[in-house]
Number of protein chains: 2
Amino acid sequence: MKHHENESKYLGLNVNKGVETPPTINPYLKSKKKRKKYTVEEYVDEILKGNITVLSQAVTLVESSREDHQELAQAIIEKCLPHAGNSIRVGITGVPGAGKSTSIDSFGVHLCKQGKKLAVLAIDPSSERSKGSILGDKTRMERLSVMESAFIRPSPTAGSLGGVARKTRESIILCEAAGFDYIFVETVGVGQSETAVHSMVDFFLLIQLAGTGDELQGIKRGIMEMADGIVINKADGDNIGKANIAQNHFKNALHLFPPAESGWTPEVLTYSGYYDLRIAEIWDMVDSYIAFVKENGYFDVKRNKQSTYWMYETINERLRNDFYRNEKIEQLMPTLEREVLGNKKSSFIAAKEALDAYYDEM
Amino acid sequence: MKHHENESKYLGLNVNKGVETPPTINPYLKSKKKRKKYTVEEYVDEILKGNITVLSQAVTLVESSREDHQELAQAIIEKCLPHAGNSIRVGITGVPGAGKSTSIDSFGVHLCKQGKKLAVLAIDPSSERSKGSILGDKTRMERLSVMESAFIRPSPTAGSLGGVARKTRESIILCEAAGFDYIFVETVGVGQSETAVHSMVDFFLLIQLAGTGDELQGIKRGIMEMADGIVINKADGDNIGKANIAQNHFKNALHLFPPAESGWTPEVLTYSGYYDLRIAEIWDMVDSYIAFVKENGYFDVKRNKQSTYWMYETINERLRNDFYRNEKIEQLMPTLEREVLGNKKSSFIAAKEALDAYYDEM
């Protein structure tokens with residue numbers, strides 16, 4: 001395990017420029033050379049056998065921006081697709097400090113002890129700047145990182161949220177083909193990352209801390225509506241009373257929400273990631289949810305929606321990117337924005353002018 | 001008032017094909033001929049003078065899909081823009097049966113009696129099919145429709161939500177140039193129309209009915225978060241008790257929400273549109289909100305955001321429309337969607353194929 005993790009972490013940092021030969025002596029050079037010889041079929045065969053080293057190398061291809069790597073990656077994904085789809089995908093979010101890493105460590109150990117295989121992925125488009133604020137530090141999941149049946153992969157570091165999300169979603173396919181039972185997708189409680197993760201998982205878990213009684217104030221609008229379950233961490237020792245109060249607050253809040261499309265009423269549980277308290281209850285909840293939505297058909301409805309969502313989202317994102325990154329448009333937009341804000345042009349006239357300029361050039 | 005209303009209603013039905021000469025004898029033929037002679041400057045002069053007949057004709061140009069009408073409309077809007085922006089824009093929504101028309105009638109009469117001028121617009125993209133489910137039937141606002149200082153305009157009937165929203169937003173500019181103090185934008189509580197209205201108003205008012213105690217269940221997720229005020233209609237006679245219970249439910253629910261960006265905590269009031277009870281309180285609330293956000297600067301922040309939002313939204317919508325309405329793409333997408341749902345292609349490979357096909361052709 002140690003081997004491929006270090007490697008993928010190293011490669012992750014170079015991902016923008018493609019996978020390069022490192023400037024200094026590299027203990028993993030041998031395995032990299034060996035990887036280059038793999039054919040698509042060999043990659044797929046090894047992944048289907050559950051070979052985690054090869055899986056990790058395939059994920060590195062997915063994350064690479066080099067064109068030959070991308071071609072190879074897409075060919076592997078296409079062949080893995082028929083074998084994908086059989087995991088339970090769980091999105092995990094919470095503000096910094098909520099104890100996500102400790103919790104994932106604890107959740108993961110619980111599942112592995114039950115004989116399950118677990119892959120932990122992440123979406124953190126800011127990780128390039130922050131040098132990987134989530135999952136980058138292996139020591140934060142020290143028990144899970146040494147388990148045979150766990151695969152931990154830091155967030156792809158390159159590019160826009162759309163790009164990072166694509167890489168993570170493609171990595172899910174590879175992990176599923178490799179036979180993982182659960183796939184966690186961790187994200188930070190900022191920006192649009194949570195929406196992206198929500199759009200690729202079956203169950204969305206919100207980790208909260210009990211605070212001063214007004215913890216609801218700290219939640220972004222919309223995030224509670226995405227949650228299938230809310231779990232309040234650090235419910236141990238002197239903190240239990242506060243956690244129970246927070247639990248009631250959240251329960252009341254959720255009770256007042258209209259029902260979710262899934263028909264499922266989100267549950268609120270308390271636990272302690274650090275002391276491994278009431279972890280089983282959380283995974284009983286996740287399993288109950290999965291059974292519930294498989295029974296009522298929503299499981300497949302949601303997965304199908306997500307597949308087409310990502311197709312259309314990718315198209316729409318590239319249409320926008322191609323437009324806004326066009327040189328002429330980049331020059332034009334600040335002027336148009338000023339004119340709109342200065343009441344010189346209506347929003348619609350400005351839009352028309354920008355589009356006319358764009359299509360003229362094509 | 002009667003004159004221009006009937007006319008605009010008539011013209012509204014023909015808006016898809018442009019403004020046509022009616023097949024039979026038309027009492028308004030004379031004024032239509034006269035309108036054709038107006039120059040841009042004359043239109044603008046009359047609108048700025050508050051000439052409602054000319055305003056109505058200009059709105060008809062905005063709604064027309066004929067190219068010469070559009071050119072004329074855009075020229076008028078551009079000249080009206082510097083005189084726009086001075087009204088209080090109020091979005092009004094609620095499910096069918098909540099009593100929107102009666103309420104707007106009652107609200108409008110209240111404001112007109114205070115010496116205010118009021119324009120009532122609407123967004124209902126379904127109105128072409130339903131022959132105008134909102135504002136179409138004048139008799140539903142019988143008191144307001146005969147008031148000198150009120151201008152009631154049915155929803156534009158042609159096209160997509162984006163198209164309808166554009167027309168309404170442009171009509172707001174014209175109405176503001178004509179000196180209206182309040183502009184209502186009514187919408188039905190379905191689909192994306194509420195989001196569109198929310199993106200063009202200063203205050204978003206949600207009309208609710210007291211029911212069996214579980215009225216919160218009936219609200220779409222997200223709509224309560226958009227509301228700056230919730231008003232419970234039909235709080236009269238035997239219904240007062242139920243209305244008060246509903247009021248408490250909504251207050252509790254709102255209390256549990258995180259604070260809105262405006263810093264304003266939405267209020268919940270009860271009233272009776274039919275019996276004109278506690279109408280003043282509602283408009284005191286709206287005025288308090290406006291004073292509050294003008295004081296803290298959010299009023300301008302929101303308006304600027306809305307202006308740029310509509311520019312970018314219009315660009316993005318047309319980029320999408322041009323793509324999805326492309327003949328080659330129309331043929332290709334069903335196949336790609338099948339392949340994605342059948343796990344034959346990843347969402348991203350399918351997206352790439354579609355985009356390559358599109359750009360190849362251009």
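Mentor: Q208(B) stands opposite I232(B), a residue of strand β6(B). The model is predicted, with residues numbered from 1 along each chain as its sequence is written, and with chains lettered from A and ligands numbered from 1 in the order in which they are written. Local features need pLDDT of at least 70 and side-chain atom pairs pLDDT 80 or more, whereas totals for chains, interfaces and linings use all residues.

Trainee: Why are β3 and β7 of chain B said to stand at the edges?

Mentor: The open sheet of chain B has seven strands in the order β3-β2-β4-β1-β5-β6-β7, with parallel pairing. β3 (150-152) and β7 (267-270) of chain B each have a single partner strand, so one side of each is left without a neighbour in the sheet. From one strand to the next, the twist averages 20°.

Trainee: Which helix of chain B touches β1, β5, β6 and β7, and at what angle to β7(B)?

Mentor: That is helix α12 (residues 279-296) of chain B, whose direction makes about 165° with that of β7(B). Helix α8 (residues 161-177) of chain B also packs on the sheet, at about 175° to β2(B). Angles run from 0 to 180 degrees between N-to-C directions of axes fitted to C-alpha atoms, for helices over the stretch in contact.

Trainee: How do you know that chains A and B are related by a two-fold axis?

Mentor: Chain A can be laid on chain B with an RMSD of 0.1 Å, by a turn of 180° and a shift of 0.0 Å along the axis. That is the relation of a two-fold axis. The same surface serves both copies, since 100% of the contact residues of chain A recur in chain B. The superposition uses least squares on C-alpha atoms with pLDDT of at least 70 in both copies.

Trainee: How many residues form the contact, and which element of chain A gives the largest share?

Mentor: Chain A gives 49 residues and chain B gives 49 residues, counted as in contact if their C-beta atoms, placed from the backbone, lie within 7 Å. Elements of chain A with two or more residues on its side include α13 (298-324) and α15 (347-361). The largest share, 12 residues, comes from α13(A). The side of chain A divides into 27 nonpolar, 12 polar and 10 charged residues.

Trainee: Why is A350(A) called buried?

Mentor: A residue is buried if 20 or more other C-beta atoms lie within 10 Å of its own, exposed if 12 or fewer, and partly exposed in between. A350(A) has 26 such atoms within 10 Å, and therefore counts as buried. A350(A) belongs to helix α15 of chain A. Among the residues that A350(A) touches are L336(A) and, from the other chain, M311(B).

Trainee: Where do the domains of chain A lie?

Mentor: Domain 1 spans 83-296 and domain 2 spans 302-361, with bounds from an automatic or database domain assignment. Their contact takes six residues from domain 1 and six residues from domain 2 of chain A.

Terms used: Two residues are in contact if their C-beta atoms, placed from the backbone, lie within 7 Å. Helices (H or I, at least four residues) and strands (E, at least two) are DSSP runs, numbered from the N terminus. Ala, Val, Leu, Ile, Met, Phe, Trp, Tyr, Cys and Pro count as nonpolar, Asp, Glu, Lys and Arg as charged, and the others, Gly among them, as polar. Two strands pair if DSSP finds at least two bridges between them. Lists of a residue's contacts leave out its neighbours within four places in sequence.
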